[in-house]
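Welcome! Take a moment to look over the chain below, and keep the picture in view as you read the briefing.

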Amino acid sequence: MKISARNQFKGKVVEIKEGAVNGIVSIDIGGGNVVSATISMSAVKDLGLEVGKDAYAIVKATSVMVGID
């Protein structure tokens with residue numbers, strides 16, 4: 001896979017919360033970090049996503065917010 005986004009995190013799918021239209025896919029990228037994304041259920045099915053399978057969390061954004069406690 002070759003894409004322009006530089007923030008690519010390989011991990012394992014640990015949860016998929018299915019909705020009527022969208023699903024929330026959670027990917028464990030290691031070090032106790034889990035990245036979640038809301039994607040269409042059509043995309044979940046097209047990508048063949050299942051708990052336990054490898055997947056990439058790919059971040060491409062024009063802005064990123066940072067916060068502290």
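A residue counts as buried when its relative accessible area is under 20%, as exposed when over 50%, and as partly exposed in between. K12 has a relative accessibility of 42%, so K12 counts as partly exposed. Please keep in mind that this is a predicted model. With that in hand, let us walk through the chain topic by topic.

**The chain as a whole**

- Along the principal axes, the C-alpha atoms fill a box of roughly 35 × 35 × 25 Å.
- The protein chain has 69 residues, and buried residues make up 17% of them.
- The accessible surface comes to about 5,400 Å², and carbon and sulfur atoms account for 53% of that surface.
- Take the contacts between residues at least 6 apart in sequence: 42% of them join residues at least 24 apart.

**The sheet**

- In which order do the four strands of the open sheet lie? The order is β3-β2-β1-β4, and the pairing is antiparallel.
- The edge strands are β3 (33–40) and β4 (54–59), each of which pairs on one side only.
- On average, neighbouring strands of this sheet are turned by 45° against each other, with direction ignored.
- β1 and β2 run antiparallel and are joined by six bridges, and a hairpin of three residues leads from β1 to β2.
- Within this pairing, V13 stands opposite I27 in β2.
- Strand β1 (residues 7–18) is also joined to β4 by six bridges, again in an antiparallel run.
- Two examples of bridge partners in β4 are I58, which partners Q8, and D54, which partners K12.

**The salt bridge**

- How many salt bridges are counted here? The count comes to one salt bridge.
- The side chains of D54 and K12 form a salt bridge, with 2.7 Å from N to O.
- Since D54 lies in strand β4 and K12 in strand β1, this pair ties together parts that are 42 residues apart in sequence.
- D54 has a relative accessible area of 45%, so D54 is partly exposed; K12, as you saw above, is partly exposed at 42%.

**The nonpolar core**

- Which residues make up the largest nonpolar core? There are eight in all: V13, V25, I27, M41, V44, L49, A55 and A57.
- Two or more residues of this core come from each of β2, α1 (41–47) and β4.

**A closer look at S26**

- S26 lies in strand β2 (residues 22–30).
- Is S26 buried or exposed? Its relative accessibility is 7%, so S26 counts as buried, because buried means under 20%.
- Apart from neighbours within four places in sequence, S26 is in contact with K12, V13, V14, E15, V34, V35 and S36.
- Among these contacts is K12, the residue whose side chain meets that of D54 in the salt bridge.

Technical notes
Residues are numbered from 1 along each chain as its sequence is written. This is a predicted model: local features need pLDDT of at least 70, side-chain atom pairs count only at pLDDT 80 or more; totals for chains, interfaces and linings use all residues. Side-chain values use heavy atoms; hydrogens and water are left out. Buried means under 20% relative accessible area, exposed over 50%, partly exposed in between (1.4 Å probe, protein chains only). Contact means heavy atoms within 4.5 Å. Two strands pair if DSSP finds at least two bridges between them. Axes are lines fitted to C-alpha atoms, for helices over the stretch in contact, and angles run from 0 to 180 degrees between N-to-C directions. A nonpolar core is a set of buried Ala, Val, Leu, Ile, Met, Phe, Trp, Tyr and Cys residues joined through side-chain atoms within 4.5 Å. A salt bridge is a side-chain nitrogen of Lys or Arg within 4 Å of a carboxyl oxygen of Asp or Glu. Accessible areas come from the Shrake-Rupley method with a 1.4 Å probe; for residues, only the protein chains shown count as cover.
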